[in-house]
Amino acid sequence: MRAFKSFAVLVLVATTAASIAAQKIQINGAGATFPYVIYSKWFSEYNKLHPNIEINYQSQGSGAGIRQLTNQTVFFGATDGPMTNEQLLAAPGKILHVPTVLGAVVPVYNIPGVNAELKFTGPVLADIFLAKITKWNDPAITKLNAGVNLPNTDITVVHRSDGSGTTYIWVDFLSKVSPAFKTKVGVNTAVKWPTGVGAPKNEGVAGLVTQTPGSLGYVELIYALQNKISYGSVQNMDGEFMKASVASVTAAAASAAGKMPPDFRVSIANAPGKGVYPVSSFTWLLFYENPKDKTQAKVMVDFMKWALADGQKYCADLGYAPLPAEVVKLELAALEKIKVG
């Protein structure tokens, strides 16, 4: 009789475990467009491994992701610009920043008749976005691009119209290389632009640049590659003109790997070192450390452990750089802060 009861208990436990495994779990998140391509790939691949888990992600911009997480209308948020102290204090609980991959923001342009890869310095880009440089054949641009026949046409600046982590990365870099830009525009996910036309999301800026002869904008690297838009190289702190690539973004990350702050909120814009692409950044997923839904918390912690290991192998093919091993080690320890039970 006692053996029968033991058997019955084992059957009950096994049945319960199977029931949980079979349970359909849907988790919603929203935020940055910058990592949308890699996140879509990750969520799709993870669903193949765990068909009962569906992670939905709305690519709406970092500002929207922070706002929805704060309002608790999504389980997780995503941003390319770390939350400010004020934003963290406004949230109803403690939030953990988890770096996921690294990416680059590139200057994209559409100049009819010009197919060359243009070179830019940070101060020249800042002056274009400050409306101090308004023509493509301005001496400041032609001096950097000897041999390129740049036209005497106006530069149409294209920027984001929504709260955007891509904007944060772009203006973070420009503010570091141009005191005038820092004073007049500053660093935020949404800024007051002195010139130009706005478009929503990376897709919108890429589309508007493609449709507008004489335009210059900024997008995450993968959007330039996908839309086959010309993009330039940018001078780094060592004086090298670097084109964005997995290698040059990885080189930028190396500057932060040994001095990552405990909350992971760090900027690697204009990082020192050889081979560094200077407009690079981590991008973060945002989680409450003590979320209401413990089942979803457990799933997302397990997902993050997968993303920080197996998920990183998808980065290079999609134009992102994988995380340094030292950073991954720190993150795995930090994930233990999320209460899953």
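A: Start with burial: buried means under 20% relative accessible area, exposed over 50%, and partly exposed in between, with a 1.4 Å probe and protein chains only. This is a predicted model: local features need pLDDT of at least 70, side-chain atom pairs count only at pLDDT 80 or more, and totals for chains, interfaces and linings use all residues. Residues are numbered from 1 along each chain as its sequence is written, and side-chain values use heavy atoms, with hydrogens and water left out.

Q: What is Ser178 in contact with, leaving aside its neighbours within four places in sequence?
A: Ala126 and Leu130. Contact means heavy atoms within 4.5 Å.

Q: What makes Gly113 buried or exposed?
A: The relative accessible area of Gly113 is 77%, so Gly113 counts as exposed. Gly113 belongs to the loop between β4 and β5 (119–120). Its C-alpha atom is 8.8 Å from that of Leu150, 37 residues apart along the chain.

Q: Which residues of helix α9 are buried?
A: In α9 (residues 201–211), they are Asn202, Gly204, Val205, Ala206, Gly207 and Val209. The cover over these buried residues includes β4, β6 (156–160), α7, β7 (197–199), β8 (215–220) and α10 (221–226).

Q: Why are α2 and α12 given the orientation they have?
A: Helix α2 (residues 36–49) packs against helix α12 (residues 294–307) at an angle of about 110°, with the axes 11 Å apart. Axes are lines fitted to C-alpha atoms, for helices over the stretch in contact, and angles run from 0 to 180 degrees between N-to-C directions. Angles under 35 degrees count as roughly parallel, over 145 as roughly antiparallel, 65 to 115 as roughly perpendicular, and the rest as oblique. The two helices, α2 and α12, are therefore roughly perpendicular.

Q: Which residues of α2 and α12 meet?
A: Trp42, Phe43, Glu45, Tyr46 and Leu49 of α2 meet Val299, Asp302, Phe303, Trp306 and Ala307 of α12. By class, this contact has eight nonpolar, no polar and two charged residues. Nonpolar covers Ala, Val, Leu, Ile, Met, Phe, Trp, Tyr, Cys and Pro; charged covers Asp, Glu, Lys and Arg; the others, Gly among them, are polar.

Q: What makes a space a cavity or a pocket?
A: On a 1 Å grid over the protein atoms alone, a cavity is a set of points where a 1.4 Å probe fits but cannot get out. A pocket is an open set with protein on both sides within 12 Å along at least five of seven lines. Lining residues have an atom within 4 Å of a point. Grid points are joined across faces, edges and corners, and a volume is the space filled by probe spheres set on the points.

Q: What is the volume of the largest pocket?
A: About 180 Å³. Its lining has four nonpolar, two polar and five charged residues. Strand β4 (residues 95–110) gives the largest share, three residues.

Conventions. Helix = DSSP H or I, 4+ residues; strand = E, 2+ residues; numbered from the N terminus.
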